[in-house]
Structures are given as C-alpha cells and as structure tokens.
Amino acid sequence: MREMGREREATKVAYTVEQLVAFNRYNPDILPDLENYVNDQVSSQTYSLDANLCLLRLYQFEPDKMSSQIVARILVKALMAMPAPDFSLCLFLIPERVQMEEQFKTLIVLSHYLETGRFRQFWDEAAKSRHIVEAVPGFEQAIQGYAVHVLSLTYQKIPRTVLAEAINIEGLSLDKFLEHQVANSGWVIEKSQGRGQVIVLPRNEFNDPALKKNAADSVPLEHITRIFPILS
C-alpha cells in the first residue's frame, strides 16, 4: 500500500511540474519546483527533458540562482538518454563560463567518447569521476544499453572481449548478461577456435547491407495505391 501511495504521489508531482512548465515557462518563481523535480528524477529514475530544459532556460535569466549540482545531474541524465541529442540541447543553454568548471569539462569529454564509440576511454574517464556519475542511479546500466545499441547497429558478430570492453563487464557478470541477451534479445554465442566466444547479433538494416537494400527496394502497398490514381 505504501508503494502504491508513493506511485500516486510521484504521478501527482510530475503532473504538477508539467503544468508549471506549460503555463509558467518563463516564471522564475517555479525554479525551486523544477530543481526539486530534477532530484525527484534522480531518486525515482525517471526523466523529463522538457522540464530540465525549462530549468536551464530560467537559469539563463537568473544566473545567480544556478545550482552547479543540479546542472550536473541534468547533464548526467541527458548522457543516459543517448543516442538522443539531449546532452547537446542542454549544453547549449549552459553559459561557457559554467562549462569551464571541472565537473562539466569532464561530462563534455564523456559525451565525446560516447558519441565517437570510444567506450574503453569512456569507462576509464568515468571511473575517475565516480562522484559525479554515481550520484545518479542507473547511469552505468543506461550507458551499457547505449553501447549495446551502437554495437548492434555496427556489427553482425563481435568477440566476447570487444563486448566486455564496450559495456565494462567481465567474468561471471558478463556470463549472466549474455544469458539474458540470448534469452530475450535473440543473441547467439559461438565458440571460435583460438579466439574464445563470438557473439552473433540479430541482423538489421544497419549491420546487414542486404537487409538495407531490401528495405529500400520494397515499396509499401499503400504507397502504390496512392500512385495509381495519379497515373490514371
């Protein structure tokens, strides 16, 4: 019963914040509510880009009220939303002088590593900045999901070692992760002579040129039916 009560309360808070953003977008009086909502997103592992962008815009008009801790949490949540461009959208609203603070410079570097698929460098840098990223629950899992997304779009087969480096998991933890993916995502594990395990990823139009060609060549029936009246 307590958990249900918390869920109702969280829904009520979210609804109220959405109203504030919709009708009082440029009212600085809602700053405390939006800041509290960022903390709510962190604790409940939810996310609202619209509310966070609204807060960053208000900080532009009230720079003396800007909270570096809140801004850092917004950027970490934006990193977790990749491959969506949320991080760039948020960064655009943050003054350059603020971006020069050490924690923000670190987050910008982390973003660059993710955008360029340099996952080993990302995890190494993140390990040096645990006080920033570990303040937001679910960060590691979100980035692992993004890494898997990138690998799935790029490769049909990958060595176990490449996957381990990309998602920063090894040993028994990686075994459990692979078991889950085999059971739920259509992954297949092959044993390669001399190279250990190789993971076969599901084919899609991005990692398989043949599927991309077929997708491009096929014209949906509804499009054909629209063409015929024009030609007649």
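## The sheet

An open sheet of three strands runs in the order β1-β3-β2, with antiparallel pairing. Its edge strands are β1 and β2, each of which pairs on one side only. Neighbouring strands of the sheet are turned by 30° against each other on average, direction ignored; axes here are lines fitted to C-alpha atoms. Strands of a sheet pair through backbone hydrogen bonds, either parallel or antiparallel.

This is a predicted model, in which local features need pLDDT of at least 70 and side-chain atom pairs count only at pLDDT 80 or more, while totals for chains, interfaces and linings use all residues. Residues are numbered from 1 along each chain as its sequence is written, and side-chain values use heavy atoms, with hydrogens and water left out.

## Strand pairing

Strands (E, at least two residues) and helices (H or I, at least four) are DSSP runs, numbered from the N terminus. Two strands pair if DSSP finds at least two bridges between them. Strand β1, residues 157–159, is joined to β3, residues 196–200, by three bridges, and the two run antiparallel. Within this pairing, K157 has V200 of β3 as its bridge partner, and I158 stands opposite I199.

On the other pairing, five bridges join β2, residues 188–192, to β3, again antiparallel. Here K191 stands opposite Q197 in β3.

N204 lies in the loop between β3 and α13 (209–217). Its side chain reaches the backbone oxygen of S152 at 2.9 Å. Such a polar contact is a pair of N or O atoms within 3.5 Å; within protein, one must be able to donate a hydrogen and the other to accept it, and residues adjacent in sequence count only if both atoms are side-chain atoms.

Contact in general means heavy atoms within 4.5 Å. Leaving aside neighbours within four places in sequence, N204 is in contact with S152, L153 and L211.

## Helix α4

Helix α4 covers residues 68–80; at 1.5 Å a residue its 13 residues should span 18 Å, and its end C-alpha atoms are 18 Å apart, which agrees. The expected span is 1.5 Å times one less than the number of residues.

The helix is mostly covered, with 11 of its 13 residues buried. Buried means under 20% relative accessible area, exposed over 50%, and partly exposed in between, with a 1.4 Å probe and protein chains only. Among the buried residues of α4 are I70, R73, K77 and M80. The buried residues pack against several helices, including α2 (31–44), α7 (102–115) and α10 (139–154).

Technical notes. Axes fitted to C-alpha atoms, helices over the stretch in contact; angles between N-to-C directions.
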